[in-house]
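Please examine the structure shown here with attention to how charged side chains pair and how a helix presents its residues. The explanation that follows goes through these topics in turn.

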Amino acid sequence: MAVKLVIEPIFEADFEDNSYGFRPKRDAHQAMDDVSLQLRMGKTQVIDADISKYFDTIPHDKLLVLVAKRIVDKNILRLIKLWLKAPGVEEGRMGRRGRRGIRKGRHREAC
């Protein structure tokens, strides 16, 4: 949580206003309200992107290079690198818990 509090504002500044998933003080209801407003204003297209499978394909070395351009603290970078390598715990059918690597695991994106 401490790392999140430090790095979140750094990356939060880069997000577009119309991005809602997993952002502070934003939720699915706000996203739906925004879509409704845009439709009433005459816009006719809504883009919903499920990027869950994308996280399985991110090359960690390239990701860390990009993160290092924004985060200079070596300890934080080391911790992020360890997190990327750590196995994840996934709850499957029937409430069973299994362990998977972050690259092979499933991730869900919600708006």
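Arg-70 is partly exposed in this predicted model, with a relative accessible area of 35%. Its partner in a salt bridge is Asp-14, and the closest N and O atoms of the two are 2.3 Å apart. Arg-70 belongs to the loop between α3 (60-68) and α4, whereas Asp-14 belongs to the loop between α1 and α2, so this pair ties together parts that are 56 residues apart in sequence. Asp-14 is likewise partly exposed, at 48% relative accessible area.

In general, side chains of opposite charge can pair when their charged atoms come close. The whole structure contains 4 salt bridges. Another of them joins Arg-23 to Glu-12, with 2.4 Å between the closest N and O atoms. Because Arg-23 lies in the loop between α1 and α2 (28-40) and Glu-12 in helix α1, the pair connects parts that are 11 residues apart in sequence. Both Arg-23 and Glu-12 are buried.

A further salt bridge, between Glu-8 and Lys-4, has an N to O distance of 3.0 Å. These two residues are 4 residues apart in helix α1, which means that about one helical turn separates them. Glu-8 is partly exposed at 23% relative accessible area, and Lys-4 is partly exposed at 40%.

Helix α1 itself spans residues 2-12, and its buried residues are Val-3, Ile-7 and Glu-12. They lie on the same side of α1 because they cover an arc of only 135° around the axis. The buried residues of α1 pack against α4 (74-85). On the other side of α1, Ala-2, Leu-5, Val-6 and Pro-9 are exposed.

How values were computed
Residues numbered from 1 in each chain as written. Predicted model: local features only at pLDDT ≥ 70, side-chain atom pairs only at ≥ 80, totals over all residues. Heavy atoms only, no water. Buried < 20%, exposed > 50% of the residue type's maximum accessible area, 1.4 Å probe, protein only. Arc of directions from axis to C-beta. Contact = heavy atoms within 4.5 Å. Salt bridge = Lys/Arg side-chain N within 4 Å of Asp/Glu carboxyl O.
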